[in-house]
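Student: I have a structure open and want to learn to read it feature by feature. Where do we begin?
Tutor: With a cut-off, then with cases.

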Amino acid sequence: MPKSFFSILLIFLFLIGCTHPEEDTQGKIQKITDLQKKAKFPVNEDSFRYLQSADSIIKISQNLPDSILIETIFSKAYIFRVRGNLDSAKVYLSEAIGKIDRTNARKRDLIYYRHSWETDLVLESYGDVVSSANKFIRLLDPQNYADLIYPYNALERVNLKLKNYKKALLYNDSVQQVA
């Protein structure tokens with residue numbers, strides 16, 4: 001009897017120890033998402049600690065969507081922007097948008113790009129605005145006219161800053177056409 005009890009106990013423990021990878025992945029995604037939210041809302045002295053925890057989970061995990069890593073990087077940029085450290089925010093924003101390589105950009109990607117454009121405009125990194133705006137345009141679905149407003153507006157603003165008024169007017173016209 002003790003052998004059969006031990007065998008049943010061993011099988012029971014084995015079954016409990018087996019987890020479904022999908023459930024484990026979903027649990028990790030939820031934990032990372034929760035940590036990202038805690039880091040950003042509100043931004044405080046613990047914000048980077050939350051993101052370090054998210055990074056630790058990402059490093060040991062497999063099969064996580066790219067969007068989870070990109071959002072964690074963006075969260076770091078967001079915190080630096082809120083704290084007024086635009087140079088550090090720029091570094092993380094560049095890293096985040098550099099990892100976006102799929103076509104048909106997600107709505108969330110627009111937020112990353114818009115933060116990048118705004119940061120680069122304040123830092124007067126006009127070449128970076130032009131480069132990232134053009135990349136975003138290439139990532140868009142050609143039928144998605146509504147989201148073209150934002151990169152065209154960024155390009156218009158760069159050209160106004162550089163006193164390229166004819167080019168700024170062309171981008172303004174482009175904004176008007178897609179609006």
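Tutor: A residue counts as exposed when its relative accessible area is over 50%, and as buried when that area is under 20%. Keep in mind that this is a predicted model.

Student: Is Lys163 buried or exposed?
Tutor: Apply the cut-off. Lys163 has 58% relative accessibility, so Lys163 counts as exposed. Lys163 sits in the loop between α8 and α9.

Student: What should I check in its backbone?
Tutor: Most residues other than glycine have a negative phi, and most peptide bonds are trans. Lys163 has a positive phi, near 60 degrees. Asn63 also has a positive value, with phi near 65 degrees.

Student: Where is Asn63?
Tutor: In the loop between α3 and α4. Its relative accessible area is 70%, so Asn63 is exposed.

Student: And which peptide bond is cis?
Tutor: The one from Phe41 to Pro42, with omega near -5 degrees. Pro42 belongs to the loop between α2 (21-40) and α3 (47-60).

Student: Let me step back. How many helices and strands does the protein have?
Tutor: There are 9 helices and 0 strands. Across the protein's 179 residues, 37% count as buried.

Student: How do I read the range of the contacts?
Tutor: Look at separation along the sequence. Take contacts between residues at least 6 apart in sequence: 58% of them join residues at least 24 apart.

Student: What is the idea behind a nonpolar core?
Tutor: In soluble globular proteins, nonpolar side chains tend to be buried together. Here the largest nonpolar core has 27 residues. Those that touch the most other members are Ile100, Tyr112, Tyr113, Trp117, Val129, Phe136 and Tyr152.

Student: Which elements give two or more residues to this core?
Tutor: They are α4 (66-82), α5 (86-98), α6 (107-122), α7 (126-139), α8 and α9 (165-178). There is also a second, separate core of 12 residues, with Leu51, Ile57, Ile58 and Ile68 among its members.

Student: Which residues does Tyr113 touch, not counting residues up to four places away in sequence?
Tutor: The partners are Ile97, Ile100, Ser132, Lys135, Phe136 and Leu139.

Student: How do I describe two packed helices?
Tutor: Two packed helices are described by the angle between their axes and the distance between the axes. Take α8 and α9: their axes come within 8 Å and cross at roughly 160 degrees. That angle makes α8 roughly antiparallel to α9. The crossing is left-handed.

Student: Which residues meet there?
Tutor: From α8 come Ile149, Tyr152, Asn153, Leu155, Glu156, Asn159 and Leu160. From α9 come Tyr165, Lys167, Ala168, Tyr171, Asn172, Ser174, Val175 and Val178. By class, the residues of this contact are 9 nonpolar, 4 polar and 2 charged.

Student: At what angle do the axes of α4 and α6 cross?
Tutor: At roughly 35 degrees, with the axes coming within 11 Å. α4 passes α6 in a left-handed crossing. On the α4 side, the contact uses Ile70, Glu71, Phe74, Tyr78 and Arg81. On the α6 side, the contact uses Arg108, Ile111, Tyr112, His115, Glu118 and Thr119. The contact of α4 with α6 has 5 nonpolar, 2 polar and 4 charged residues.

Methods: Residues numbered from 1 in each chain as written. Predicted model: local features only at pLDDT ≥ 70, side-chain atom pairs only at ≥ 80, totals over all residues. Heavy atoms only, no water. Core = buried A, V, L, I, M, F, W, Y, C linked by side-chain atoms within 4.5 Å. Buried < 20%, exposed > 50% of the residue type's maximum accessible area, 1.4 Å probe, protein only. Helix = DSSP H or I, 4+ residues; strand = E, 2+ residues; numbered from the N terminus. Contact = heavy atoms within 4.5 Å. Axes fitted to C-alpha atoms, helices over the stretch in contact; angles between N-to-C directions. Parallel < 35°, antiparallel > 145°, perpendicular 65-115°, else oblique. Left-handed = near helix turned anticlockwise from the far one by under 90°. Nonpolar A, V, L, I, M, F, W, Y, C, P; charged D, E, K, R; others polar.
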